[in-house]
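I opened this one up to look at rings, charges and packing. My notes follow in the order I looked things up.

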Amino acid sequence: MAVIEAIETIYCEADVTSVTFSSLGSYEHLQLQINAKLDDTGYYFSMGMRFNGDTGNNYSYQRVLGYGSNETAAVGVSASNIYGYNGDALGTPSAAYGSATIDILDYRNPNKNTTTVGFTTAGLSNTGGPRVQYATGVWDSTAALTSILVDPGIGATAFVRGSTLTLYGLNSS
């Protein structure tokens, strides 16, 4: 039976430019759940994650995004962030809050790179209706995670007041 425990919840009581989780515990996996709104004035959003303060070109991602009758796919390498969770995935300034669930797998295993898999949704968008996105990411390092920085990414400067980010620890028993 799987065990899930809340490690920390950040309630944004004001607009914040980033959130850092630095007490990660000793779990097999982590899960980040986000209910957020960004302060972007356009339509392009990308929520980024940076591990252990690594700002090198050490992150890659794949994503599939669907909205209305449209779909897109992308792959890429990023300096300073896993930008696999992007393309309006968290909604527009006039829209409802978007949500994301991101699993961070084997974050302490020294024999493999840390991988992420996530699902994001947004109720509205300036460019075609509700958005649903599935994405994976890889951090090209076998170092154990000691911190996770989450930022609003390209096009936005802050998570808007009222956003919540919760980090959970997962064990198989």
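**Rings.** My rule for aromatic pairs takes the rings of Phe, Tyr and Trp (its six-membered ring) and pairs them if their centres lie within 6.5 Å; planes under 30 degrees apart count as stacked, over 60 as edge-to-face and the rest as tilted. By this rule I get 2 aromatic pairs. Phe51 and Tyr59 make a tilted one, 6.3 Å centre to centre with 55 degrees between the planes. Phe51 and Trp139 have ring centres 5.6 Å apart and planes at 70 degrees, so I logged that pair as edge-to-face. Phe51 sits in strand β4 and Trp139 in strand β10 (residues 131–139), 88 residues apart, so this pair links distant parts of the chain.

**Ground rules.** Before going on, I noted that this is a predicted model, where local features need pLDDT of at least 70, side-chain atom pairs count only at pLDDT 80 or more, and totals for chains, interfaces and linings use all residues. Residues are numbered from 1 along each chain as its sequence is written, and side-chain values use heavy atoms, with hydrogens and water left out. Strands are DSSP runs of E, at least two residues, numbered from the N terminus.

I call a residue buried under 20% relative accessible area, exposed over 50% and partly exposed in between (1.4 Å probe, protein chains only). Phe51 comes out buried at 0%, Tyr59 is buried at 1%, and Trp139 is buried at 2%.

**Charges.** Next I searched the whole structure for salt bridges (a side-chain nitrogen of Lys or Arg within 4 Å of a carboxyl oxygen of Asp or Glu). The search gives 2. Side chains of opposite charge can pair when their charged atoms come close.

Asp151 bridges to Arg50, with the closest N and O atoms 3.9 Å apart. Asp151 is in strand β11 and Arg50 in strand β4, so the pair ties together parts 101 residues apart in sequence. Are these two buried or exposed? Asp151 counts as buried at 10% relative accessibility, and Arg50 is buried at 19%.

The other bridge is Asp106 to Lys112, closest N and O atoms 2.5 Å apart. Here Asp106 is partly exposed at 21% and Lys112 is partly exposed at 33%.

**Core.** Which of its 26 residues touch the most other members? They are Ile104, Ile148, Val150 and Phe159. The elements giving two or more residues to this core are β2 (19–21), β3, β4 (46–51), β8, β11 (148–151) and β12 (164–171). β3 gives the largest share, 4 residues. In soluble globular proteins, nonpolar side chains tend to be buried together.

I followed Ile148 by contacts (heavy atoms within 4.5 Å). Not counting residues up to four places away in sequence, Ile148 touches residues including Val19, Phe21, Met49, Arg50, Phe51, Ile104 and Leu167.

**Strands.** Both faces of β11 are covered: Ile148 and Val150 on one side, Leu149 and Asp151 on the other, all buried. Two strands pair if DSSP finds at least two bridges between them. β2 and β11 pair antiparallel over 3 bridges, and Val19 has Val150 as its bridge partner in β11.

Strand β8 (residues 98–105) reads otherwise: Gly98, Ala100, Ile102 and Ile104 make a covered face, while Ser99, Thr101, Asp103 and Leu105 make an uncovered one. In a regular strand the side chains alternate between the two faces of the sheet. β8 pairs with strand β3 (residues 29–36) in the antiparallel sense over 7 bridges, and Asn35 has Ser99 as its partner in β8.

Leu167 lies in strand β12 and is buried at 0%. Leu167 and Ala6 are 161 residues apart in sequence, yet 6.2 Å apart in space, C-alpha to C-alpha.

Ser163 lies in the loop between β11 and β12, and at 0% relative accessibility it counts as buried. Among the residues Ser163 touches, not counting those up to four places away in sequence, are Ile10, Cys12, Asn35 and Tyr97.

Terms used
A nonpolar core is a set of buried Ala, Val, Leu, Ile, Met, Phe, Trp, Tyr and Cys residues joined through side-chain atoms within 4.5 Å.
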